[in-house]
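I opened this notebook to record what I looked up, entry by entry. The model is shown first.

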Amino acid sequence: MALPYTHHYDLSFFALNLKKFGSSHLQPFCCLRCNSSVSSSPFTEKHSLQRYQRDQWVYNNNNQQRPSLSCDDEAASCSVPADSDSIRLNDIALQLPELRKLLQVLKHKRESCGGQVPKNGLGDVFLVGTGPGDPDLLTLKAVKVIQKADLLLYDRLVSNAVLDLVGPDARLLYVGKTAGYHSRTQEEIHELLLSFAEAGATVVRLKGGDPLVFGRGGEEMDFLQQQGIQVKVIPELGIPLTHRGIANSVRFLTGHSRKGGTDPLFVAENAADPDSTLVVYMGLSTLPSLAQKLIHHGLPPDTPATAVERGTTPQQRMVFAKLKDLADKIKTAELVSPTLIIIGKVVALSPFWPQSLTEASRLVEV
């Protein structure tokens with residue numbers, strides 16, 4: 001697969017394919033400069049000592065000099081290319097040999113496991129949100145997945161305390177981004193996830209906060225699903241609330257108010273934004289009126305929508321329909337409280353859209 005950027009690599013075929021870089025080939029440097037001033041950060045800063053210590057395995061190749069970690073504030077001890085793109089590309093070049101080796105190990109492990117792997121030979125990919133940073137706020141399911149992973153691709157805002165939970169045999173790889181420096185492009189992250197999933201690995205994509213709210217988790221999920229890789233999202237229903245080019249905001253509404261309170265549907269005029277996602281709580285009884293008002297104020301009648309009854313429990317049921325039909329579908333399915341309603345174009349990104357209630361309920365994993 002040709003990737004839409006100047007320098008790219010194909011892990012699946014164990015080949016480094018660097019396109020023209022000026023008039024010479026890219027040569028990896030053998031010294032990595034760490035910034036000791038960020039050592040007090042709770043997160044993984046781009047050139048912190050914690051990052052390179054945590055990812056040290058990926059630089060341990062035998063074919064070139066192992067990079068040294070330098071935390072001296074003097075720049076003279078290491079000739080690192082000045083521009084961030086050269087640093088990024090050199091870092092990738094240093095990592096590729098060990099990434100290839102890990103792929104080979106995982107493929108051999110898959111082939112030797114016999115019936116212990118899925119029939120299609122593909123691994124599991126988990127998209128895990130780690131919240132604001134306190135590991136005590138993680139779900140139990142997230143902790144279990146983190147501890148059993150073969151490879152974890154983690155972002156800058158995954159806290160050091162959360163990363164301390166990773167199992168002793170797992171491999172960590174930093175793919176974080178900051179203004180002016182992206183350790184991996186989004187397309188490169190996609191290819192890493194795909195390559196290791198195809199190798200049969202248990203891959204965990206760790207993101208700070210909520211992975212499906214301004215976290216580009218929806219893009220990663222959509223890319224992998226198009227390649228036949230199923231993604232389990234923790235702790236989510238598999239519907240990104242925001243997605244670049246589809247929904248740039250999300251609004252949380254109540255469909256029920258205290259007796260004598262303000263009509264909860266008065267916001268319909270301002271909420272009828274086709275580029276936003278609406279999440280409605282306690283809205284079963286008022287959905288017919290809300291849907292009419294949203295359509296009256298300009299929201300297309302065929303806007304994708306879903307109702308989720310008893311979400312994440314073994315009794316979870318989901319109804320998918322166009323906005324104009326959702327209330328009738330809910331009535332037919334006899335959904336009961338608690339039911340969460342999601343309205344917006346992002347609903348069509350769910351792997352269950354536009355499948356029937358019975359099939360979607362069977363496929364949803366909790």
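**Entry 1. Basis.** I note that the model is predicted, with local features requiring pLDDT of at least 70, side-chain atom pairs counting only at pLDDT 80 or more, and totals for chains, interfaces and linings using all residues. Residues are numbered from 1 along each chain as its sequence is written, and side-chain values use heavy atoms, with hydrogens and water left out.

**Entry 2. Overall counts.** I looked up the secondary structure and found 10 helices and 16 strands in the protein. Helices (H or I, at least four residues) and strands (E, at least two) are DSSP runs, numbered from the N terminus. Of the 366 residues, 48% count as buried; buried means under 20% relative accessible area, exposed over 50%, and partly exposed in between, with a 1.4 Å probe and protein chains only. I then took the contacts between residues at least 6 apart in sequence, and 71% of them join residues at least 24 apart. Contact means heavy atoms within 4.5 Å.

**Entry 3. The parallel sheet.** In what order do the strands of the parallel open sheet lie? I read the order of its five strands as S7-S6-S10-S5-S11. Strands S7 (171-174) and S11 (231-234) are the edges, each pairing on one side only. Two strands pair if DSSP finds at least two bridges between them. From one strand to the next, the twist averages 20°. Inside this sheet, S6 (residues 151-154) and S10 (residues 203-207) run parallel and are joined by four bridges. Leu153 has Arg205 of S10 as its bridge partner. Helix H5 packs on the sheet, where it touches S5 (125-129), S6, S7 and S10, and its direction makes about 150° with that of S10. Axes are lines fitted to C-alpha atoms, for helices over the stretch in contact, and angles run from 0 to 180 degrees between N-to-C directions.

**Entry 4. Helices H5 and H6.** I followed H5 (residues 186-198) to its packing with H6 (residues 217-226): the angle is about 50° and the axes are 10 Å apart. The pair is therefore oblique, since angles under 35 degrees count as roughly parallel, over 145 as roughly antiparallel, 65 to 115 as roughly perpendicular and the rest as oblique. H5 contributes Gln186, Ile189, His190, Glu191, Leu193 and Leu194 to the contact, and H6 contributes Glu219, Glu220, Phe223 and Leu224. By class, I list five nonpolar, two polar and three charged residues in this contact. Ala, Val, Leu, Ile, Met, Phe, Trp, Tyr, Cys and Pro count as nonpolar, Asp, Glu, Lys and Arg as charged, and the others, Gly among them, as polar.

**Entry 5. Thr44.** Is Thr44 buried or exposed? Its relative accessibility is 0%, so Thr44 counts as buried. I located Thr44 in the loop between strand S3 (31-33) and helix H1 (49-54). Leaving aside neighbours within four places in sequence, Thr44 has contacts that include Arg51, Arg54, Tyr154, Arg156 and Tyr174. Thr44 and Leu157 are 113 residues apart in sequence, yet 6.6 Å apart in space, C-alpha to C-alpha.

**Entry 6. The mixed sheet.** I turned to the open sheet of five strands with mixed pairing, ordered S12-S13-S16-S14-S15. Its edge strands are S12 (249-254) and S15 (317-322), and its twist averages 15° from one strand to the next. S14 (residues 304-309) pairs with S15 in the antiparallel sense over six bridges; Ala305 has Ala321 of S15 as its bridge partner. Helix H9 (residues 323-333) lies across S14, S15 and S16 (339-343), running at about 145° to S15.

**Entry 7. Backbone exceptions.** Most residues other than glycine have a negative phi, and most peptide bonds are trans.

- Arg310, in the loop between S14 and S15, has a positive phi of about 50°; at 35% relative accessibility, Arg310 counts as partly exposed.
- Glu334, in the loop between H9 and S16, has a positive phi of about 60°; at 61% relative accessibility, Glu334 counts as exposed.
- The peptide bond from Ser337 to Pro338 is cis, with omega near 0°, and Pro338 is placed in the loop between H9 and S16.
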